[in-house]
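Here is a short tour to read with the model open beside you.

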Amino acid sequence: MKAIYLDHAATTPVHPQVADAMTESLQENFGNPSSIHSFGRKARQVLDKARLVAAQSIHATEKDIVFTSGGTEADNIAITGVALANQAKGKHIVTTKMEHHATLHTVENLEKQGFEATYLDVDEHGAVDMEQLKHALRDDTILVTIMMVNNETGVIQPIEKIGDLLAEHQTFFHTDAVQAYGMLPIDVGELKVDLLTVSSHKINGPKGLGFLYVHPDVTVHALQHGGEQERKRRPGTENVAAIAGFTEAIQLSQTEREQRYQQYQDYRDLFLQILRDQDVDFSINGENSERIPNIINISFPGTNVEALLTNFDLSGVAASSGSACTAGSVEPSHVLSAMFTENSSCTTNSIRFSFGLANNQENVSEAAEKVAKIVNRLTK
Ligand SMILES: Cc1ncc(COP(=O)(O)O)c(C=O)c1O
């Protein structure tokens, strides 16, 4: 039995062209990009090209791009870096209750260091409340960090409206675009964001790599100290081969973006249609919100996450819940807990299915048939 992968929001398979680019770089380009000799210059060219490709993909310029070890580090540099560099202007940070832990735990860590934070609510449709954001802003707010697309529900947040709202305020605006990048067009100027996070392994690139966009007017305090790499904002010898692969992944994600969007929408529709045809009782979390097509979060009344995920896995379907598994027990997802009331069963019976490169019409429909059978067996 060949397992079917429906967990692309967790990570994606490396694209064959990305693997080729990395292999070639590993075998033929071992120089240190900081060296001035020909070996170094050859490696430097890989970095220069990557920076240009990354910058163009979000309508920025090369010097605004900082390569990092992934989305988590980019979020950390954005949030802690801005907070530490701007604390003379204030110590207040605004974020939301549905952020990825790379953001939430970073903000919580700053609270321990004397910063204050406001965590905005999320409505039952999975969206941030603009009115609450307006009221949360203070004269000493120095950073607002709100994700572009939620990684559990796929709900798109109103980043452009938030950018407009914040334009007149002293605060900097960071968005974690890890799940949006490659699905939605991104123009940092139009969105009026000052900092933006991207991760390579969500777009068929290698793991352990990402980039942070930093607007030229923004100063970030470096979190680690060393050489001059990344204009001292993220020192350390660059992972050249991975960056060569990331460049390929970015280019593919840009040229194929619309086609992928349509394809994943078709997979999602097919998946849902099969559940309906098989009379499965389900509801979609965030159904009435604008969502990206490759992530769908489904609540199956009368079931629980543990039973669902175990049975799916046994039948060869790999999906996930946003729930954290701590010491063998599954804790409800913080995102769904923020969306629903405490006694809603959605927090304990919801599964995220996410589509991507490992899918085709056949394996999506086979997975949906299996899911339908399991849910019906558990509930009927
Ligand atoms: C929204 C979001 N932000 C940040 C991250 C962390 O990125 P990385 O795994 O590259 O550290 C993820 C990964 O799951 C994510 O979904």
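The notes below cover the domains, their interface, the ligand site and the salt bridges.

## About the model

This is a predicted model, in which local features need pLDDT of at least 70 and side-chain atom pairs count only at pLDDT 80 or more, while totals for chains, interfaces and linings use all residues. Residues are numbered from 1 along each chain as its sequence is written, and side-chain values use heavy atoms, with hydrogens and water left out.

## Two domains

The protein chain splits into domain 1 (4–12 + 256–379) and domain 2 (16–255), with bounds that come from an automatic or database domain assignment. Taken over C-alpha atoms, the centres of domain 1 and domain 2 are 27 Å apart. Domain 1 brings 30 residues to the contact and domain 2 brings 33 residues, where contact means heavy atoms within 4.5 Å.

## The interface

Between domain 1 and domain 2, about 2,800 Å² is buried, and carbon and sulfur atoms give 53% of this area. Buried area here is the accessible area (1.4 Å probe) that two parts lose on being put together, summed over both. The interface has 0 salt bridges (a side-chain nitrogen of Lys or Arg within 4 Å of a carboxyl oxygen of Asp or Glu).

On the side of domain 1 that touches domain 2, the elements giving two or more residues are α9 (257–277), β10 (295–299) and α11 (334–339). Of these, α11 gives the most, with 5 residues. Helices (H or I, at least four residues) and strands (E, at least two) are DSSP runs, numbered from the N terminus.

## The ligand site

Which residues come nearest to the ligand? Of the 13 residues around the ligand, they are Gly71, Thr72, Asp176, Ser199 and Lys202; a residue counts as near if one of its heavy atoms lies within 4 Å.

The side chain of threonine 72 has an N or O atom 2.6 Å from a ligand oxygen atom. For aspartate 176, a side-chain N or O atom is 2.6 Å from a nitrogen atom of the ligand. Serine 199 places a polar side-chain atom 2.7 Å from a ligand oxygen atom.

## Salt bridges

The salt-bridge count comes to 14. Arginine 234 sits in the loop between β8 (210–214) and α8 (240–255) and glutamate 73 in helix α3 (residues 71–85), so the pair ties together parts 161 residues apart in sequence.

Definitions and conventions. A polar contact is a pair of N or O atoms within 3.5 Å; within protein, one must be able to donate a hydrogen and the other to accept it, and residues adjacent in sequence count only if both atoms are side-chain atoms.
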